[in-house]
Amino acid sequence: MDNKKEKIELGVEILTGIRPTGDLTVANYLGAVLPILKMQEEGKRSVLFVADLHALTTNEPAETKKYCLNVIADYVALGIDPRKTIIYRQSDVAEETTVLMTYLARHISVAELLRTPTLKEKMQTESEEKLKQANALLFMYPVLMAADILLQRSVAVPVGEDQVVHLEITRKLANRFNKKYGDTFPAPALMQRKALRLLSLRGEGKMSKSNPSGAIFLSEDIKSIEKKIKKAETAIEGEMTPRMESHLLLSKSLCQDKNDAKQIDALLVQHKNGEAVMGEFKKLMAKIIISFVEDFQSKRAKITDEQVRAILKDGAVTARKNAAKTLEIMKNRLY
Ligand code: ATP
Ligand code: MG
């Protein structure tokens, strides 16, 4: 049989990954969870995996296990429906993933991996001490990511700006393999997410889970949220700043009450006219965020570890079945 003439078997339509490295912030919700909810509403068959092997680059295995269960429960409380969106854990296909990673790694040179812009940036910006501790998983990151995507024979992958380079490497690996051994892996299409970047409530940079004082966590205590918003930086009367834009985006996106939305617009007009309304604005912002967080927390409290385990069990069956098929196709091409 001439393997080269075989058709590529497509796998999952859309694959998204999340790293279980900490509790989710409201920025993670807007930037990462909402797009998946949108796809779910549109009836797109997307698959979500928790990248707990990737998390081993920086975290202990036991830690990733805990965050893994938490993050899935969070996603379900936020509206991800496991009947519509398959959820699986990367470590449930650890053997299959690492086998594929090995075969893929032959198709990229050490020099190429060292030139990966994200790795180069890390090497330049991280402290010397952190770099000394950085393990080889950091170097292998793009190959492991390619293995995740190609193992499920994914058709499309939504990525933020920071992941575009890695997806290009995945496409390159798929194409190089296909060229040499015959069509095997679909080269996944890049679905670029609209860049959305919430800023930290105060000080430098974006909102991140690793900078808790400027972030609002979905699991956070209401009193603590109130305090953080009180301390948040705003803008002087009449002035629009990136931070004000970010506060507005956050408030408007989380707002579930039409009257509150109208009031934000009204306050904004007053602010632009030079009136001192920032105190009132922050009160409204706190009300909106707290109402969203309380709603989340009450839904989250009802989700049990057993439920999450059942979701993972189902997800693992699908992911393993697909993975076994991929490895079978690949081995037929190779041997
Ligand atoms: P860390 O501080 O550990 O890097 P993080 O809050 O930056 O945490 P990531 O795990 O790096 O979160 O990213 C998870 C998802 O959340 C990604 O899809 C990312 O695009 C999105 N995200 C993170 N920060 C923001 C932000 N400030 N605004 C919008 N989306 C964000
Ligand atoms: Mg980050």
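Here, contact means heavy atoms within 4.5 Å. This is a predicted model, so local features need pLDDT of at least 70 and side-chain atom pairs count only at pLDDT 80 or more, while totals for chains, interfaces and linings use all residues. Residues are numbered from 1 along each chain as its sequence is written, chains are lettered from A and ligands numbered from 1 in the order in which they are written, and side-chain values use heavy atoms, with hydrogens and water left out.

View 1. Y75 sits in helix α2; helices (H or I, at least four residues) and strands (E, at least two) are DSSP runs, numbered from the N terminus. With a relative accessible area of 1%, Y75 is buried, a word that here means under 20% relative accessible area, with exposed being over 50% and partly exposed in between (1.4 Å probe, protein chains only). Skip the neighbours within four places in sequence, and Y75 still touches I18, L24, A32, V33, I36, L48 and I80. For a sense of distance, E239 is 164 residues away from Y75 in sequence and 36 Å away in space, C-alpha to C-alpha.

**View 2. Strand β2, covered on both faces.** Take a look at β2 (residues 46-50): five of its five residues are buried. S46, L48 and V50 are on one side, V47 and F49 on the other. In a regular strand the side chains alternate between the two faces of the sheet.

**View 3. The partners of β2.** Strands pair here if DSSP finds at least two bridges between them. β1 (residues 14-18) runs parallel to β2 and is joined to it by five bridges; I14 has S46 as its bridge partner. To get from β1 to β2 the chain goes through helix α1 (residues 26-41), in a right-handed β-α-β crossover. Right-handed means that, with the strands pointing away from the viewer, the path from the first strand over the helix to the second runs clockwise. β2 also pairs with β3 (residues 86-89), again in the parallel sense, over four bridges, and V50 stands opposite R89. Helix α2 (residues 61-77) carries the chain from β2 to β3, in a crossover that is right-handed.

**View 4. T16 in strand β1.** T16 belongs to β1 and is buried, at 4% relative accessible area. Leaving out neighbours within four places in sequence, its contacts are I36, M39, V47, L48, F49, P158 and R193.

View 5. β4 (residues 156-159) and β5 (residues 189-192) run parallel, joined by four bridges, and P158 has M191 as its bridge partner. Together with helix α8 (residues 164-181), these two strands make a right-handed β-α-β unit. R153 lies in the loop between α7 (136-151) and β4. Its phi is positive, about 45°, although R153 is not a glycine, and at 2% relative accessibility R153 counts as buried.

**View 6. The second largest pocket.** A pocket is an open set of points on a 1 Å grid over the protein atoms alone, where a 1.4 Å probe fits, with protein on both sides within 12 Å along at least five of seven lines; lining residues have an atom within 4 Å of a point. The volume here is about 180 Å³. K223, E226, K227, I229, K230, G279, K282, K283 and A286 form the lining, and α9 (222-231) supplies the largest share, five residues. By class, the lining has two nonpolar, one polar and six charged residues.

Conventions
Points joined across faces, edges and corners; volume = space filled by probe spheres on them. Nonpolar A, V, L, I, M, F, W, Y, C, P; charged D, E, K, R; others polar.
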